[in-house]
Amino acid sequence: MLAGLADQAFHSSHLDPTPDDYSRTIFTDKCQLTLAAGSGGHGCISFLREKYIAEGPANGGDGGSGGNIYIQAIRGETSLHKLARRGIIKAARGKNGQGKGKGGQRGEDVLVQVPVGTVIREVSRRDPVAEEEEEARISGISDGEVRGQWRRDKWILYPSSVPSDYAMTDFPNLQRSRRSSQPSAPIHLDLSQPMETPMLLAAGAAGGLGNPHFVSKTYPRPKFATRGDPGITITVELELKLLADVGFVGLPNAGKSTLLRAMSRSRARVGSWAFTTLQPNIGTVVLDNHRGRPQLLASRATGESRTSFSVADIPGLITDAHKDRGLGLGFLRHVERAQVLAFVIDLGAGDAVEALKNLWHELAAFERLRERQTNAQTETRMIDWKAFGSPTASVIAADAAVAKNGAGIMINPSASQQLPELFLKPISTKPWFVVATKADLEGTQANFAHLQKYLQAIMSREEAHPSGLQNSWQGRLAAIPISAIRGEGVDRIPEWTVNLLND
C-alpha cells in the first residue's frame with residue numbers, strides 16, 4: 001500500500017512539476033563535421049650496431065599507418081548535438097619507425113556513433129595523395145622517372161646532415177603512394193537501420209619507408225628515408241531523416257509537453273503560457289521493461305521485436321508558420337521527420353475541428369513549398385564536371401579552383417558547399433490520429449463529439465482530407481480523449497500508435 005501511494009505521489013509530481021524538475025533541452029538535427037584521418041608515421045634511418053661490425057647494414061623500420069575514422073548507427077541516440085559541439089574529429093597519426101627493423105605503431109582509430117535515421121552527405125574533401133597523383137599524371141610523369149630530386153615533404157635525411165650534403169646524390173625512385181581502402185567519393189549514406197559493424201568513412205594514410213627499402217649497389221647504407229603520407233580531410237553534413245516514431249503536432253499551449261511527461265520519463269519544461277517548448281523534446285515510451293509479459297507486442301520492419309518507441313514534442317505551430325513566422329520552417333522540418341503524426345488538440349480552446357484544419361493547412365502549405373523546391377532543382381541543369389577526368393582529385397568540382405605554383409598544379413577544393421535540402425516522405429502520406437487534451441474540463445463533450453463526427457466523415461469520404469492534397473493517407477482515424485495533467489486516458493495512445501507503426 002505504501003508503495004502504491006509513493007508511485008501515485010511520484011506520478012502527480014512528474015505531471016505537475018516544480019521548476020527545479022525541468023531538464024535542459026539540447027537537440028540538434030543537422031550539423032557539419034570535419035573528419036581528418038591520421039597521417040602516416042615517418043620511416044626510420046638506422047643501422048645495425050654490433051661488436052666487430054664497423055658499418056652495419058640498414059635496419060630502420062617503416063612508419064605506422066594513420067588511424068581510420070568509422071561510423072556506426074545505433075539505437076539510443078536521438079540527437080546530433082554531441083557531434084555538433086566537437087566540429088572536428090581527428091584520428092591519431094601513425095608512430096614513426098624505429099631501429100632494429102621495428103615498425104611504427106598504427107594510429108588509433110575513431111568511431112563516430114550517430115542515431116538511426118541519419119543521412120551523411122559529403123560537402124568537400126582534400127586528399128593530398130590524390131592531388132599529387134593527378135599532378136604527376138598531368139605532367140606526364142610515370143612511376144620511376146623522378147630521380148635525383150630531394151623534396152623536404154618526401155624525404156628524411158640522416159641526423160646532423162643538411163640538404164647540401166646530398167647535392168650530388170642521385171635519390172632513388174619515389175615509389176607510388178600505397179593507397180589504402182578509401183571509400184569512393186562522394187560519400188552519401190542513408191543509415192536507416194542499426195549497424196552491427198562500423199563502416200569506414202576515412203582511411204588513414206600509409207606510413208613512410210625505412211632506409212632498408214633503398215639499399216642498392218650505389219647506396220649500400222642509405223642515409224635517407226621517406227615521410228608518411230598526409231591524411232585525407234573530409235567535410236560531411238549529417239542530418240536526421242527520422243526524428244522520432246511519433247511526433248506531437250499542435251498549437252502552442254495545447255498540452256504537448258505535459259502529454260510527453262505523462263507517457264514517458266521525460267522532464268520537459270511545462271507551463272501555462274505559449275512557447276514553453278523552443279526545441280523538440282524526445283521521450284521514450286517503454287513497451288517491454290523485461291519484467292514479466294510486455295504490455296504490447298510490436299515488431300520493427302526488420303522483424304526484430306520492438307521494446308519501445310520514441311516520441312517527439314515538437315514546438316507549437318501558429319498561423320502562417322509555413323511563411324517562417326513564429327518558430328517557422330525550422331520546426332515544420334521536424335514534422336517531416338516523424339513516422340506517425342499525433343495532432344494534439346485542446347478541447348478547451350475553441351472549435352477542435354477548426355484547430356485541426358488550421359494545423360493541416362500549415363502542413364499542406366509547407367508540403368507544397370517542398371514540392372516547388374524539388375521541381376526547381378529537377379529543372380536545373382547539373383554539370384557533372386570532373387577535375388582532369390578524375391573524380392578523386394576534387395569532389396566539389398563546381399566550386400574548385402585550379403592554380404599553378406612552384407610545385408606544379410594543385411587542386412584546392414572549396415572548404416564548404418551548400419547541399420540541397422533532404423527531401424523526405426510527404427507529410428500528407430503519413431499515418432495520423434488526434435489526441436484530444438483537457439477532456440476533463442466542463443463543456444468539452446460537445447466539442448469532442450463534433451471532432452469525432454468530422455473524423456468519421458473523413459473516413460467515409462464525405463469530407464476531403466484536411467490537407468486538400470492528393471495521395472494523402474486514408475487509413476482509420478481516431479480521436480483519443482485524455483487528461484494529461486491527471487494521466488487519464490493516456491494508456492490508449494501507445495496501443496493505437498503501435499498498431500500504426502506495425503502497419
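Modeller: Helices here are DSSP runs of H or I with at least four residues, strands are runs of E with at least two, and both are numbered from the N terminus. This is a predicted model, in which local features need pLDDT of at least 70, side-chain atom pairs count only at pLDDT 80 or more, and totals for chains, interfaces and linings use all residues. Residues are numbered from 1 along each chain as its sequence is written, and side-chain values use heavy atoms, with hydrogens and water left out.

Biologist: In which helix is the place of Asn447, and why is Asn447 called buried or exposed?

Modeller: Asn447 belongs to helix H7, residues 445-459. Buried means under 20% relative accessible area, exposed over 50%, and partly exposed in between, with a 1.4 Å probe and protein chains only; Asn447 has 12% and is therefore buried.

Biologist: What makes the pair of Asn447 and the backbone oxygen of Gly350 a polar contact?

Modeller: A polar contact is a pair of N or O atoms within 3.5 Å, where within protein one must be able to donate a hydrogen and the other to accept it, and residues adjacent in sequence count only if both atoms are side-chain atoms. Here a polar atom of the Asn447 side chain lies 2.6 Å from that oxygen of Gly350.

Biologist: Why are strands S3 and S7 said to stand at the edges of the sheet?

Modeller: The open sheet of five strands runs S3-S1-S10-S5-S7 with mixed pairing. Strands S3 (88-90) and S7 (188-191) each have a single partner strand, so one side of each is left without a neighbour in the sheet.

Definitions and conventions
Two strands pair if DSSP finds at least two bridges between them.
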